[in-house]
Every structure is written in structure tokens, then in C-alpha cells.
Amino acid sequence: MTTPDPQTAAAAGDRLSLRTQLTRFILTGVLSAAVDFGLLLVGQYAFGWDHNLAKALSFVFGTLTAYSINRVWTFRAAHSHGRLAAVAALYALTFALQVGTFALLFPPLLTAYGREVANAVGFVVAQGLATTVNFIVQRTVIFRHP
């Protein structure tokens with residue numbers, strides 16, 4: 001099955017249902033989270049980076065993965081400079097939200113449960129919060145169809 005051209009789909013008002021968009025957003029998020037978490041661990045263990053630096057860089061690559069897939073597959077939207085600027089602003093917000101949440105949670109979790117639990121729990125909470133904000137803003141503002 002071929003995927004319709006995003007410009008044609010957007011122009012025709014061919015918007016997917018909320019359920020389909022949410023399912024695709026979650027699937028894309030799982031893949032993007034795997035990229036993010038994998039790079040977080042590589043940064044810490046292979047390169048010996050501080051947890052904040054590793055998380056900041058892993059977030060950038062995870063969100064690039066998510067945007068690239070969601071724009072075309074989930075929201076069927078054509079590229080535009082305005083949309084790109086809006087996504088950049090949203091990612092700056094969710095970057096601060098996710099990295100800040102991880103930075104707040106990591107030290108007490110590390111002390112109480114060790115690095116593995118601190119990484120996993122901090123990641124899941126920060127990712128969940130950022131994902132929720134991302135979906136709501138992308139669906140209702142950035143990729144909204146008239």
C-alpha cells in the first residue's frame with residue numbers, strides 16, 4: 001500500500017481520525033524513544049558523559065526522528081517554513097520540559113535506587129510528559145487542518 005503525498009492529502013483535507021493519529025504518534029514515539037534512550041545510555045556508558053549532556057543530545061536525535069516521521073505519516077502535512085518554526089519552538093519547550101524533568105528526578109532516584117532505575121524511571125516520566133504536550137500541540141495547533 002502506498003502512502004499518499006502529504007501535500008495532496010493536506011490539500012484535499014484528508015485528515016486521519018484521532019484514533020489513527022494517536023496510534024501512529026505512539027508507534028513513532030516508541031521508535032523515537034528507543035533512539036533517545038539508546039543514545040542516552042551510549043553517551044553515559046560508552047563516552048562517559050554527564051547524565052545531563054547525554055540526555056540533552058539523546059533528546060535532540062529522538063525528536064528529529066519523531067518529527068520526520070510524524071509530519072509525513074501521522075499528520076500527513078506538507079513542509080512549510082511556518083510549521084517548521086512552530087515545531088522548533090515546541091521542541092525548545094519540550095526540550096526544557098523533558099531535560100528539566102529528567103534532571104530533577106535523576107539525583108534522588110540515583111541515591112535511592114541506583115543508576116539503572118534512575119535512568120529508566122527518569123526517562124519514562126520525562127518522556128511521558130513531553131509526549132503528551134507534543135501530541136496535543138502538534139494535533140491542535142501545528143498540524144491542524146481547517
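I started at Arg76, which sits in the loop between H3 and helix H4 (81-113). Helices here are DSSP runs of H or I with at least four residues, strands are runs of E with at least two, and both are numbered from the N terminus.

A note on ground rules: this is a predicted model, so I kept local features to pLDDT of at least 70 and side-chain atom pairs to pLDDT 80 or more, while totals for chains, interfaces and linings use all residues. Residues are numbered from 1 along each chain as its sequence is written, and side-chain values use heavy atoms, with hydrogens and water left out.

**Entry: Arg76**

I looked up the backbone and found a positive phi of about 50° at Arg76, although this residue is not a glycine. Most residues other than glycine have a negative phi. I then checked the cover: Arg76 is buried, with a relative accessible area of 11%. Buried means under 20% relative accessible area, exposed over 50% and partly exposed in between, using a 1.4 Å probe and protein chains only.

**Entry: the whole chain**

I counted five helices and zero strands in the protein, and the order from the N terminus is α-α-α-α-α. The C-alpha trace spans about 55 × 30 × 25 Å along its principal axes. Of the 146 residues, 38% count as buried. The protein exposes about 7900 Å², with carbon and sulfur atoms supplying 71% of that; the areas come from the Shrake-Rupley method with a 1.4 Å probe. I also looked at contacts between residues at least 6 apart in sequence, and 76% of them join residues at least 24 apart. Contact means heavy atoms within 4.5 Å.

**Entry: H2 against H3**

Two packed helices are described by the angle between their axes and the distance between the axes. I read off an angle of about 155° for helix H2 (residues 18-46) and helix H3 (residues 51-74), with the axes 8 Å apart. Axes are lines fitted to C-alpha atoms, for helices over the stretch in contact, and angles run from 0 to 180 degrees between N-to-C directions. H2 and H3 are therefore roughly antiparallel to each other, a label for angles over 145 degrees. The residues of their contact divide into twelve nonpolar, eleven polar and three charged; Gly counts as polar in this scheme, and Asp, Glu, Lys and Arg as charged.

**Entry: Ser32**

Which residues does Ser32 touch, leaving aside its neighbours within four places in sequence? I found Gly62, Thr65 and Ala66 in contact with Ser32. Ser32 lies in helix H2 and is buried, with a relative accessible area of 4%.

Note on methods. Angles under 35 degrees count as roughly parallel, over 145 as roughly antiparallel, 65 to 115 as roughly perpendicular and the rest as oblique.
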